[in-house]
Amino acid sequence: MKILRLILGDQLNPNHSWFKKLDDEILYVLMEVKQETNYVLHHAQKILGIFAAMRDFKSVLTKENHQVIYLGINEKSNLHSFKANLKNLFDQYNVQKFEYQEPDEYRLDQDLMELCNEVSIQSECFPSEHFFTHRFEVSEMFVGKKQWLMESFYRAMRKKHCVLMSEDGKPVGLKWNFDHENRKAWKGEPKVFEDHRPIHDHSELWDEITTARIKSFGNHNASQFRWPLNRKEALKHLDFFIGHILIYFGDYQDAMHKDETRMFHSLISFALNTKMLSPKEVVSAVEKSYLSNQLSINTAEGFIRQIIGWREYIRGYYWAHMPALGDQNYFNHQLPVPNWFWNGQTKMNCLKYTINQSLDEAYAHHIQRLMIVGNFSLLAGLHPKSLHEWYLGIYIDAFEWVEMPNTLGMSQFADGGKLASKPYVSTANYINKMSNYCEGCYYSKNERVGDKACPFNSLYWNFFIANSQQLSKNPRLAIVNKQIRDMDPNLIEDIKLQAKNLIKNIENI
C-alpha cells in the first residue's frame with residue numbers, strides 16, 4: 001500500500017516513531033507554501049528559520065534512506081496550499097493512504113480534516129509524540145470547575161511525572177513555587193555570555209524567498225543567521241545553556257537591559273516549538289543538573305515550571321477555547337496597532353529598545369513581551385486580534401497554539417480573566433525597577449501628567465478608571481480600586497485628559 005505522510009514545518013522531530021523503520025511504500029512530504037508565509041505578515045527570520053530547518057530535516061531523512069518529496073517555495077508544481085498539493089500528490093503517486101501528525105494549530109487541524117473528508121483514500125492522524133499531555137488533558141482536569149488554575153495543573157504534572165519530587169511525595173525544597181525569588185534586576189553582574197550559537201549563511205535561501213515575492217518585515221540577517229537548523233545544534237545549545245547560563249536564569253529571568261538582549265534566557269523556544277527538542281528531555285536535563293548540585297532549587301523549579309507547567313497549560317487552554325478564542329475582546333478595544341510597532345520609531349525608550357530588538361532578532365524574552373509591549377497595548381486599548389497577529393508574525397518561536405492564548409489571555413485580558421487572574425499592567429515604576437530603559441528617555445518616569453510624563457503612568461490609571469465596572473470585583477485589584485476611590489477628583493480628570501490625548505496622538509508617542 002502506497003502511503004503518503006505529511007510533515008509540517010513545526011514537526012521536525014527525527015526521533016518520532018514514524019522514522020524507526022524503512023519502508024519503500026512510504027513517501028514523506030514537506031512543503032514550503034505561501035498558505036503558511038502569508039496568513040499573517042511574518043518576520044523574515046521566521047520564514048528563513050523554518051524553511052532552512054525543513055530543508056535540513058529533508059536531508060536527514062534522505063541520508064537515512066527514507067523517500068522524501070520536497071516542494072520548494074519556487075517549484076513550478078507547488079500550488080502553495082496543503083490541500084491542493086496533497087491532492088496532486090495523491091494522484092501523481094497513486095497514494096492509497098494519507099497519514100499526518102496532529103497539527104498544533106486549529107486552522108491546520110481543520111484544513112487537514114476537511115481534506116480527509118474530501119478524498120476517497122484512507123487517512124489516519126498520529127500523535128506528534130512531543131508534549132507531556134494530550135490536547136484536551138488540561139480541560140478534562142478542570143471539568144466542572146468555575147476557574148482554571150495553572151498552579152493546580154502544574155502540581156498535578158509534577159506528581160504524575162515525578163519531577164522534583166521527594167520519595168515521600170512532597171515537592172523538593174518543600175515548596176511548589178519559588179517564583180518570588182526570581183525577580184532581581186540586573187546591574188551588569190554577573191557577565192552575560194557571548195552568543196556561542198553557530199552562524200549560518202542563508203543568503204541563497206533568502207534570494208529564493210524574495211524571488212517568490214514573499215512579504216516579510218524585520219532584519220533577515222541571512223548571512224549571519226543564529227537560530228538552529230537541526231536537533232544536533234539544538235542539543236549542543238541546550239547543553240551549553242544548562243552547563244553555563246541556567247545558574248543565573250532564576251534570579252534574573254524578569255530583568256531587562258538596553259545593552260543585553262539575551263540576558264540569561266535559554267533561546268531554546270524555537271527548537272522546542274519546531275520539535276527539534278523534546279520538553280521531556282529539557283525537563284529531565286534541568287532536573288539532573290539540580291540533583292547533581294549544579295543549580296539552586298529556585299532556578300531549577302522556575303525553569304521547569306515554564307516547560308511542564310505553563311507551556312502545557314497554555315496548549316490545553318488553546319484547544320479548549322478554539323475557535324472562539326481568536327475573537328475575544330473583553331474591553332472592546334479597537335485601536336489599530338501603531339505604525340511604529342513595525343519600525344521601532346517611538347520616543348518611549350522601553351518600547352523602542354524592545355521593538356527594535358524584536359525587529360533585529362525576531363526575539364524578545366517573556367517580560368519584554370508581557371510587561372513592555374503587552375502592557376502598553378492593553379493600557380492604550382489596541383485591538384487584541386490585530387496585536388495577536390503582530391506577535392504571531394514577529395517572533396520566531398511564535399506558533400498560534402502558544403502565542404494566541406499568551407497574547408489574548410495573559411497579556412490583553414481579552415478573555416475576561418479565564419486565563420489570567422488580573423490584567424498584567426504597570427506604571428513606569430515596574431519598568432524602571434526591572435530595567436535601565438528609563439535612563440535617558442524623552443519621558444519622565446516620575447510624572448503622571450504633562451508633556452514629558454511617561455505614557456505608562458496616565459494610561460495605567462486611566463485604564464482602571466475607564467474599566468472600573470468590569471474590574472471592581474476582582475479581589476487582586478482591591479488596592480488599585482481603593483487608590484482610585486481616594487484619588488483627588490481633579491487629578492482623575494487630569495489623568496483622563498492626558499490619556500485621551502496620548503491615545504489620540506499614539507502615532508507620535
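Which exposed residues does the face of α3 turned away from its buried side carry? I started my notes with that one, keeping in mind that this is a predicted model.

**Entry: helix α3**

I looked up the exposed residues and found Asp-91 and Gln-92 on the face turned away from the buried side of α3. Next I checked what is buried in this helix, which spans residues 82-92. My list reads Phe-82, Lys-83, Asn-85, Leu-86, Leu-89 and Phe-90. They sit on the same side of α3, because the arc they cover around the axis is only 165 degrees.

Then I asked what the buried residues of α3 pack against. The strands are β1 (3-6), β2 (26-31), β4 (67-71) and β5 (97-101), and the helices are α1 and α4. I also looked just past the end of α3, where Asn-94 has a positive phi of about 55 degrees.

**Entry: cavities**

How many cavities of 30 Å³ or more does a search of the whole structure find? I noted five. The largest cavity holds about 330 Å³ of space. I went through its lining, which has 24 residues, with Gly-9, Glu-36, Ile-50, Arg-107 and Phe-399 nearest the centre. Two or more lining residues come from each of α1 (34-37), α2 (44-63) and α4 (106-118). The most come from α2, which gives five. Sorting the lining of the largest cavity by class, I got 14 nonpolar, seven charged and three polar residues.

Methods:
Residues are numbered from 1 along each chain as its sequence is written. This is a predicted model: local features need pLDDT of at least 70, side-chain atom pairs count only at pLDDT 80 or more; totals for chains, interfaces and linings use all residues. Side-chain values use heavy atoms; hydrogens and water are left out. On a 1 Å grid over the protein atoms alone, a cavity is a set of points where a 1.4 Å probe fits but cannot get out, and a pocket is an open set with protein on both sides within 12 Å along at least five of seven lines; lining residues have an atom within 4 Å of a point. Grid points are joined across faces, edges and corners, and a volume is the space filled by probe spheres set on the points. Helices (H or I, at least four residues) and strands (E, at least two) are DSSP runs, numbered from the N terminus. Ala, Val, Leu, Ile, Met, Phe, Trp, Tyr, Cys and Pro count as nonpolar, Asp, Glu, Lys and Arg as charged, and the others, Gly among them, as polar. Buried means under 20% relative accessible area, exposed over 50%, partly exposed in between (1.4 Å probe, protein chains only). The arc is that of the directions from the helix axis to the C-beta atoms. Contact means heavy atoms within 4.5 Å.
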